[in-house]
Amino acid sequence: MKIKITLLFLFISILSFGQEKDSTKFKEIEFAEKLTYSINSEIFTQKEYQTELDKEYKLPWNSDFYTDKQINQAIDTLINNATIKIAKGSFSNYNLTFNSYFPQYIDNRLIDIFKLSIKKNNISNNGNLLDIQTSGNSGFGSHSESGFKNGNSYAYNWKTLNSSFNIKTAIKKEEFKGSVLFESGFVKGYDYQKISIADVGKQMKIGAYEFKVIDVINSSVILDFKSNIDDLDFKFVNLNKEGYRIIASESIFSSMTLFNDQYQLFKKNPNVSFEEFKEAFHSKYMELIEVKEKKETLRENIFGKKYKVFSASGSLMNGYLILPKYISKKFEITYDENSHEHTPKAPKTAPSESKIAFHFESENEIAVLIGDTIELYDNELNIIKEIETGAFVKTIGKSLHHYNYGKKDDTCNGYRFVKIVYQDAEYIVKGNVIYKLEKFREQPKAGNNELIFFETSKSQDYLQNIKPAQGFEFCEHFTYSPFIIYNVKNEQYNFIKLEKNELFSKISSAFKEANFLQTKGVYNLTFFDEGFYGFETFHNGMPYGVKITESQGTFIAKYML
């Protein structure tokens, strides 16, 4: 098991306790010395742990994230339904508990992407301000409601939150007043930096935080940050050549503090004995314990400059330092002993599409969802979640009839409902936001066959095409077709980004604005010996050339005359 350790605060608290009980002071110092020695030895000596590969792991920035709108809505829901209570815990101490719940679209990934902490406490007990731990233990539960109403079944499910914050102050009488300032947030993405032994001595940056790589030893990196990062949730992972994460069944720590004096000692002799370590640092521990005010600058004056050590499993091959980026909000809750925990309530049944009874015919295609708002529905057409445009999905069914605003609609406004698989779960989407991928019959002849080219179509499959009672007069749907490239080696579908030059600005007015290539026809798709692809297309009857190049896995299109 990996443990995050801040040794400095551990032995400071130990030594402070030793001051109160002078008879045990030297035993407490020796304990701190032995613990520090053991952890430092772990860094500098190569220990053989049994490792295995986590083939299911994927680097977190390749995950799907909630949109900014969804995150802000989720935090607002959490705030509006939050209550706090102070009660005696399972042992003799008291805890402050925070209870609330999330919107229905929030799923099971909360433990990795959600945070809640106390920024400031103003709750007092009998005139004394409580000492409340700022980080708590969060538990996620669920609340569900289902039934049958107006001839239709319904089912709702919410994720609930219970966070407990330990109160260090002794409480004799349960009388509390005041408020607590919380901060809550969701991960919206990640900053990351790859680090190897070749980077020793280099200045690097992750997000807004600059650091110098002091050393790479075995599976650990030793970094000197220019600013304080103690409150940041860094992670360090090690991947093999195939991109699988290397994990071990045993490891002492994942991150810790290391001081320069200790680093220099172990760097010179990784097998230094405990007696030698104690001889070098015992007087420094004694100096520290005699100082009442434990300031950061003082600790560095005694032990040398402070470094941060991150450790992964196995021999370091492809090490990534990862830092989550959050959308967060601060909010204040006033303590009210008469408040009651809020229970989620089912929304009122919508009078429109939620009452449709329809049937699907089988589909088995790859498609992409594009639109200003992408809503995913359950079988009763209740909105489960909203996702960002550009998600690739598998279609498994489409409705037999066309619908619009809760009724069958055979006019040009009608659309089919499409059943899809997204992130291993089944949903239903409206046919006016889904584009089926259609492989070009004639693929360009290139030196390798790692790329497959697709057009997309919408009106041919999921929109009403023929005007009712008017023979074979076709509906006029203004559609555009995103151009898609599939990378066989990476098993990844890619949009083609647009270089918005002067020529593009002249022809784009006829198309919906987008950051990816879209056309109404692709002709003579060719691979050129110079290493790029090209094709011809038409806008308003005028022919244009399009040049496609690749740079570091990103495809870029440029319009040319």
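Predicted model: local features only at pLDDT ≥ 70, side-chain atom pairs only at ≥ 80, totals over all residues.
Is Lys173 buried, partly exposed or exposed? I looked this up first: Lys173 counts as partly exposed, at 47% relative accessibility.

Residues are numbered from 1 along each chain as its sequence is written, and side-chain values use heavy atoms, with hydrogens and water left out.

Next I followed the side chain of Lys173 to Glu175, which it meets in a salt bridge (3.0 Å, N to O). A salt bridge here is a side-chain nitrogen of Lys or Arg within 4 Å of a carboxyl oxygen of Asp or Glu. Glu175 is partly exposed at 38% relative accessibility.

I then turned to Lys267 and Asp215, whose side chains form a salt bridge at 2.8 Å, N to O. Lys267 lies in helix α5 (residues 260-268) and Asp215 in strand β12 (residues 209-217), so this pair ties together parts 52 residues apart in sequence. Helices (H or I, at least four residues) and strands (E, at least two) are DSSP runs, numbered from the N terminus. Lys267 is partly exposed at 42%, whereas Asp215 is buried at 7%.

My last pair was Arg416 and Glu361, a salt bridge with its closest N and O atoms 3.7 Å apart. Arg416 is buried at 14%, while Glu361 is partly exposed at 32%.

For the whole structure, I noted 18 salt bridges.

Conventions: Buried < 20%, exposed > 50% of the residue type's maximum accessible area, 1.4 Å probe, protein only.
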